[in-house]
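Colleague: I would like to learn how to read a model like this one. Could you take me through a few features in turn?

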Amino acid sequence: RQRQMCIRDRLTDSEINEILKESIGHPLGIVVTLQCMNRADSQRAFDSDIVKEAYHEVFLYFEAAIYHRFDLPIRRLLLELASFDNFDYELARMVSGDPNTSELLDWIQKNTTMLLYDGIRQFRFWPQFRDFLLWELERKYSSQKKNAVLVRGGMYYAVSYTHLTLPTTPY
């Protein structure tokens with residue numbers, strides 16, 4: 001298997017293992033990394049610059065092949081939820097301000113593999129796709145718009161916390 005990965009013969013076992021580790025074994029990450037190392041005029045060693053270049057290439061691929069294929073409401077929802085490690089339907093509704101958010105999340109869950117669902121109530125993004133969405137968020141949203149998303153998310157947590165701490169019986 002390691003021999004098949006070698007586009008060039010000078011990759012060491014250590015480099016192959018590092019490439020597998022950085023790409024988490026995903027074929028796209030492996031191929032892009034090897035392509036970055038084998039540019040026409042250079043045979044570069046695997047290092048942090050190669051990793052950054054490979055991530056950038058993968059993010060450009062995600063943007064063109066996946067992200068831009070979605071309608072604007074779904075793209076907006078994805079960007080706004082990327083700031084949160086985990087989220088449920090209610091957080092998604094508060095952050096987006098859209099009462100139909102649960103239908104969008106259900107559609108995303110049914111038609112893509114980017115969301116992981118715990119089967120009860122919490123969603124999270126596939127980690128590499130979340131990294132992409134955070135990269136996209138930095139490029140598309142102003143700091144004011146990002147802060148507004150976080151404030152709306154903060155309101156969700158404040159309401160949730162208040163719900164948990166209020167006494168259920170009068171004194």
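Modeller: We start with a definition: helices are DSSP runs of H or I with at least four residues, numbered from the N terminus. The model itself is predicted.

Colleague: What is the mean pLDDT of the protein chain?

Modeller: Where pLDDT is low, the predicted coordinates should not be read in detail. Here the protein chain averages a pLDDT of 81, and 74% of the residues score at least 70.

Colleague: Where in the protein chain is confidence lowest, and where highest?

Modeller: The lowest is helix α1 (residues 2-5), with a mean of 42, and the highest is helix α5 (residues 72-81), at 96. Over residues 1-8 pLDDT stays under 50, and the model has 21 contacts beyond four places in sequence for them.

Colleague: How is a pair of aromatic rings read, and how many aromatic pairs are there?

Modeller: Such a pair is described by the distance of the centres and the angle of the planes. Rings pair if their centres lie within 6.5 Å, and by this rule the count is 16 aromatic pairs. Take Y55 and F59: their ring centres are 5.8 Å apart with planes at 80°, so this pair is edge-to-face. Y55 and F59 are separated by about one helical turn because they are 4 residues apart in helix α4 (residues 48-65).

Colleague: At roughly what angle do the axes of α4 and helix α8 cross?

Modeller: The axes of α4 and α8 (residues 127-140) cross at roughly 80° and come within 10 Å. Therefore α4 and α8 are roughly perpendicular to each other. On the α4 side the contact includes F59 and F62, and on the α8 side F132 and W135. By class, this contact of α4 with α8 has 6 nonpolar, 2 polar and 5 charged residues.

Colleague: At what angle do helix α6 and helix α7 pack?

Modeller: Helix α6 (residues 89-96) and helix α7 (residues 101-111) pack at about 120°, with axes 9 Å apart. That angle makes α6 oblique to α7. Y89, A92, R93 and S96 of α6 make the contact with T101, S102, L105 and D106 of α7.

Conventions:
Residues numbered from 1 in each chain as written. Predicted model: local features only at pLDDT ≥ 70, side-chain atom pairs only at ≥ 80, totals over all residues. Heavy atoms only, no water. Axes fitted to C-alpha atoms, helices over the stretch in contact; angles between N-to-C directions. Helix = DSSP H or I, 4+ residues; strand = E, 2+ residues; numbered from the N terminus. Parallel < 35°, antiparallel > 145°, perpendicular 65-115°, else oblique. Contact = heavy atoms within 4.5 Å. pLDDT = per-residue confidence, 0-100. Phe/Tyr/Trp six-rings, centres within 6.5 Å; stacked < 30°, edge-to-face > 60°. Nonpolar A, V, L, I, M, F, W, Y, C, P; charged D, E, K, R; others polar.
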